[in-house]
Amino acid sequence: MTDMQAGTAAGEAELLWRPDPDRVAGSRMAAFRTWLSAEKGLRFADYPALWEWSVTEVEAFWGAIAEFFEVPFHSAPTAVLSERVMPGAEWFPGATLNYAEQALRRDSDEAAVVFHREDGLSSRLTYAELRARVAAVRAGLASLGVGRGDRVVALVPNSPEALIAFLATASLGAVWSSCSPDFGARAVADRFAQIEPTVLIAVDGYRYNGRGFDVRPTVERLRAEIPSLRATVLVEYLGGTLPDVVTWDSLLTGFPGAELEFEPVPFDHPLWVLYSSGTTGLPKGIVQGHGGIVLEHLKMLALHSDLGPGDRFFWFTTTGWMMWNYLVSGLLVGTTVVLFDGSPAHPDLSALWRLAEQHRVTYFGTSAPYIQSCLKEGLRPADRHDLAALRVVGSTGAPLTPEGFRWIADAVGRDVQIASVSGGTDLCTAFVAASPDRPVWLGELSCRSLGAAVHAYSEAGEPVVDEVGELVITQPMPSMPVRFWGDEDGSRLREAYFDTFPGVWRHGDWIRITGRGSAVIYGRSDSTLNRGGVRMGTSEFYRVVEGLPGVADSLVIDTSGAGRTDGELLCFLVLEPGTALADLEPRLKAELRANLSPRHVPDRFVRVDEIPRTLNGKKCEVPVKKILAGTPPDQAVSRDALRNPDALLPFLSLAP
Ligand SMILES: CC(=O)CC(=O)O
């Protein structure tokens, strides 16, 4: 941490974008403030004052969010928060609601969904059409025995089918979980099998970068490996079939006139299961509840992103990243969600900018690495596309470099707000973000989100300003996980977030809060692999690499965290005698691509004699990562804690 602080001196940052007073006055953030003043007698001088109140008067703030957005509770809560404890905060006790009901409040011919596939296939659904399809699929899932609390898992691309199936599942009070079809079979099985689903919804194949990929072998493997499955619904996305399946079309057409109903469920009833990266074992199933997600996403999408009816909200994501869940929540605020399936670089890197023009996207979200690629390729979208509708460019998944900020301002538009945001799967949101009334400073995230008591902590657990520290959240938030799947006594949840600073959420990112209330994120403070926004734990990686004959041991390091944004994925290998790295490399790459994802193919393989291990045998991922980021070895790890301290030596020569 000390080294990172050295390079991050506080100071005046360049102001890149200033909110337009007229636009601020017409924003939903302003409407919320007017409402707070009229209804609650609460007036705030500026955003920082409002934020301060929101994280001090936590109950008043979240209660106001529920009231302001008129969340349709079936039974009213008896309180906002029973006790301010973490973990274990109980939000809105006694309340019942359903996420899908809020998402499908509109029954109109306004567009709810615009879909675009990389090969040009596109479609559009109004809110009324979406409701009708959700009703049919809901009835279809019910006919397959799906009811409250059952799990429905989906291996589907970012498509209307995914959205319809998710809403149908949620409307029944069943629990949703999705993976992208480009995940390898093992990665999918590791996730889905642990939550014992009863129905699998899967595509036969998908298109990426101009090619079709057959997913049916993965589907067959999942059916063989998940004994709890009672039915498979096949979406004939590329026209292929499988035996013993129910087809998606038969669900859509088999229940004409089905009623759309919403099972009222308790506030913390599981809505979906997302997955942690699984650094020390199988990916953990992160369960988030209906109420927590409704409130958090209403706040982020309406207040912070100023989205509502008439907007077109796009984020480049697959169904295997939490940004998909965030994107589809655009429906909660009545916006049109723009779904894209395919490669962002097919047929060229302008594909997404063409999409923005064609569908008059108002909020264009993507990942920082995509911005970086556009920059490297010298793209100038504003010169080639009519982006008049565009208001905001969102970026997440990795820290956006100052050059990335500047490129957006220069090549996309000076009037466009840059929303560089950060949060994560764990809360399915961005808790450091942008706001219509906050400026954008070069290289900085504009503000901490309302209700998110985010701070940078020193190693001693003290809040620090203008210094890099551990990102912590000191007050409960409603979208924090209800629990981890299968973690009955809550011990794994406590260990994941509350072990370092008891009662305080430690997120695992490095952050610096500036005196202006903005922030800079420096990447993961642990060893998670983060490739293009998709996080993956090292254990999944090792299972593939070390499963190959010839590999004795391995260590994988993603150097993009800990202050470096130009990082690489490095795989260190200990080989069996007589094995040549050059012979093994093609096979390793193919296995990683097939079993995990193309993004998890390392930039470099490096042969070493030994992997450094702790006394109890754990691989030294974080110490090596720190060493590769330039931390002196004795500060990165104590030799006494290692079983084979000399094994660190080869890594020292790779340090900057
Ligand atoms: C909002 C985010 O934090 C997304 C991510 O990086 O996973």
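# Sheet, helix contact and salt bridges

Seven strands build an open sheet of mixed pairing, running in the order E4-E3-E16-E15-E17-E18-E19. The edges are formed by strand E4 (122-126) and strand E19 (417-420), each of which pairs on one side only. From one strand to the next, the twist averages 15°. The model described here is predicted.

At one end of this order, strand E3 (residues 111-117) pairs with E4 in the antiparallel sense, over five bridges. Within this pairing, valine 113 stands opposite leucine 125 in E4.

Helix H5 (residues 58-68) and helix H12 (residues 290-304) have axes that come within 10 Å and cross at roughly 75°. Angles of 65 to 115 degrees count as roughly perpendicular, and H5 and H12 are therefore roughly perpendicular to each other. On the H5 side, the contact is made by Phe61, Trp62, Ile65, Ala66 and Phe68. These meet Leu295, Glu296, Lys299 and Leu303 in H12. By class, the contact of H5 with H12 has seven nonpolar residues, two charged ones and no polar ones.

The structure holds 27 salt bridges.

| Glutamate 67 | Lysine 40 | 2.8 Å |

Lysine 40 is partly exposed, at a relative accessible area of 38%. Glutamate 67 is also partly exposed, with 44%.

Aspartate 311 sits in the loop between H12 and strand E15 (312-315), while arginine 391 sits in the loop between helix H16 (381-384) and strand E18 (392-396); the pair therefore ties together parts 80 residues apart in sequence. Buried means under 20% relative accessible area. Aspartate 311 counts as buried because its relative accessibility is 8%, and arginine 391 counts as buried at 16%.

Glutamate 546 lies in the loop between helix H19 (538-545) and strand E32 (551-558), and lysine 619 in the loop between strand E34 (604-607) and helix H21 (621-628), so this pair ties together parts that are 73 residues apart in sequence. Here glutamate 546 counts as partly exposed, with 30% relative accessibility, whereas lysine 619 is buried, with a relative accessible area of 18%. Salt bridges with shared partners join Glu546, Asp553, Arg613 and Lys619 into one network.

Terms used:
Residues numbered from 1 in each chain as written. Predicted model: local features only at pLDDT ≥ 70, side-chain atom pairs only at ≥ 80, totals over all residues. Heavy atoms only, no water. Axes fitted to C-alpha atoms, helices over the stretch in contact; angles between N-to-C directions. Helix = DSSP H or I, 4+ residues; strand = E, 2+ residues; numbered from the N terminus. Parallel < 35°, antiparallel > 145°, perpendicular 65-115°, else oblique. Contact = heavy atoms within 4.5 Å. Nonpolar A, V, L, I, M, F, W, Y, C, P; charged D, E, K, R; others polar. Pairing = 2+ DSSP bridges. Salt bridge = Lys/Arg side-chain N within 4 Å of Asp/Glu carboxyl O. Buried < 20%, exposed > 50% of the residue type's maximum accessible area, 1.4 Å probe, protein only.
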